[in-house]
Amino acid sequence: MTETTTVRLVKRPSGMVTPDCFAIAPEPVRAPGDGEITVKVAFVSLDPAMRGWMVDRKSYIPPIGIGEIMRAGIVGQVTASNAPQFAVGDTVTGWGGVAQHFTGPAMLFTKVDPDVAPLERLIGGLGMPGMTAYFGLLEVGAMQPGETVVVSGASGAVGAVVGQIARIRGGTVIGIAGGAEKCRYCVDELGFDACIDYKTENVDQRLGELIPQGLDVYFDNVGGEILEAALNHLKMKARVVICGAISIYNSTDVPPGPRNYLNLLVQSARMEGFVVTTYAHRAGEAVAEMAGWMHDGKLHFREDVQVGIERFPEVFNMLFTGKNFGKLVLKVN
Ligand SMILES: NC(=O)c1ccc[n+]([C@@H]2O[C@H](COP(=O)([O-])OP(=O)(O)OC[C@H]3O[C@@H](n4cnc5c(N)ncnc54)[C@H](OP(=O)(O)O)[C@@H]3O)[C@@H](O)[C@H]2O)c1
């Protein structure tokens, strides 16, 4: 029987995750039950949301139970199938777990074409984070050609795609990222109009200098002080897209919300959150358009590939220290 190393949650973290929150050990691969498949996992997607799933609270998805495999997006090949829609050898993406082999319900997986892009991209720019950028900007943010878009977490999996789509759609784009190298990447390689280094610059002041006319769409990936700074620069009828708030995901004492939210009232603006899975039924249209932009050289992706399932806790924390540069994935086989 094949053995597989899995990462199971054994303790709920307080603050940043620590190695003792997880049991990382080999175990037999479970044969698929009725309607299930087994996937040999190539890459595990490491996403900030996974931190939220470790907390025992009501959310858009149940928390991971103690003793359960850490839930994660995965891409890999089907090695055993007990579901008519999948055959051995199919390449699939879907909701699996941090494991070298994962057995679970076939309904959580989609067959993908491995020739479209490198496998890790199918769980990145052409996967969940790419869909988040596409629908968050164009549907929730209702971005129109010629508008001014500000995006935080600008060099990351979601933010980099948001900024590029906004440029493709004829907008002016200001990124906000941590460090000179990430800002240079956004401007020189992704074509943003400017990027603010929030670690060394005053975001509020720089937004005033760069876009005195204000912003039409603020795409928020980080929350906290940066959200508050952006709320000072709303145009009339601006849209604030609440995609995430990574600056508070590890906080044990969550700070009070933005003090200046009444700017929404003054500017007749709106702030709206969303969960990407709402748009799952429209993934095909987004993938088709984004793959087209990629092949035309208009949309660029960057993956940060780390190797070794046993490194999961340390690699996961890179998301919260800003050590990742691009979509963070873990190669596990
Ligand atoms: N709503 C949805 O359905 C949905 C779906 C996917 C993702 N998201 C959200 O989208 C956001 C970005 O996710 P991602 O996968 O694209 O991650 P990512 O941007 O690739 O990686 C996380 C980045 O966040 C930045 N960061 C970490 N701590 C920060 C802090 N205290 N203040 C400001 N920036 C900080 C770091 O970049 P710097 O070096 O620039 O600080 C880090 O590299 C997250 O909030 C995530 O939860 C939401």
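Buried here means under 20% relative accessible area, exposed over 50%, and partly exposed in between, with a 1.4 Å probe and protein chains only. With that in hand, here are some notes on the structure.

1. Ground rules. This is a predicted model, in which local features need pLDDT of at least 70 and side-chain atom pairs count only at pLDDT 80 or more, while totals for chains, interfaces and linings use all residues. Residues are numbered from 1 along each chain as its sequence is written, and side-chain values use heavy atoms, leaving out hydrogens and water.

2. Helix α9. Helices are DSSP runs of H or I with at least four residues, strands are E runs of at least two, and both are numbered from the N terminus. Eight of the 10 residues of α9 are buried: Phe312, Pro313, Val315, Phe316, Asn317, Met318, Leu319 and Phe320. Their cover includes β1 (3–9), β2 (22–28), α1 (49–53), β14 (303–307) and β15 (327–331), where contact means heavy atoms within 4.5 Å. After α9 comes glycine 322, with a positive phi near 75°.

3. Domain 1 gives 19 residues to the contact and domain 2 gives 14 residues.

4. A polar backbone atom of glycine 178 sits 2.8 Å from a ligand oxygen. Ligand nitrogen atoms lie 3.0 Å from a polar backbone atom of cysteine 243 and 2.9 Å from a backbone N or O atom of phenylalanine 274. On its own the ligand exposes 920 Å², of which the protein buries 91%, by the Shrake-Rupley method with a 1.4 Å probe.

5. Histidine 101. Is this residue buried or exposed? Histidine 101 counts as buried because its relative accessibility is 15%. It belongs to strand β6 (residues 101–105). Beyond its neighbours within four places in sequence, histidine 101 contacts Thr2, Glu3, Thr4, Val29, Thr38, Val39, Lys40 and Val41.

How values were computed
Polar contact = N/O pair within 3.5 Å; in protein donor to acceptor, adjacent residues only side chain to side chain.
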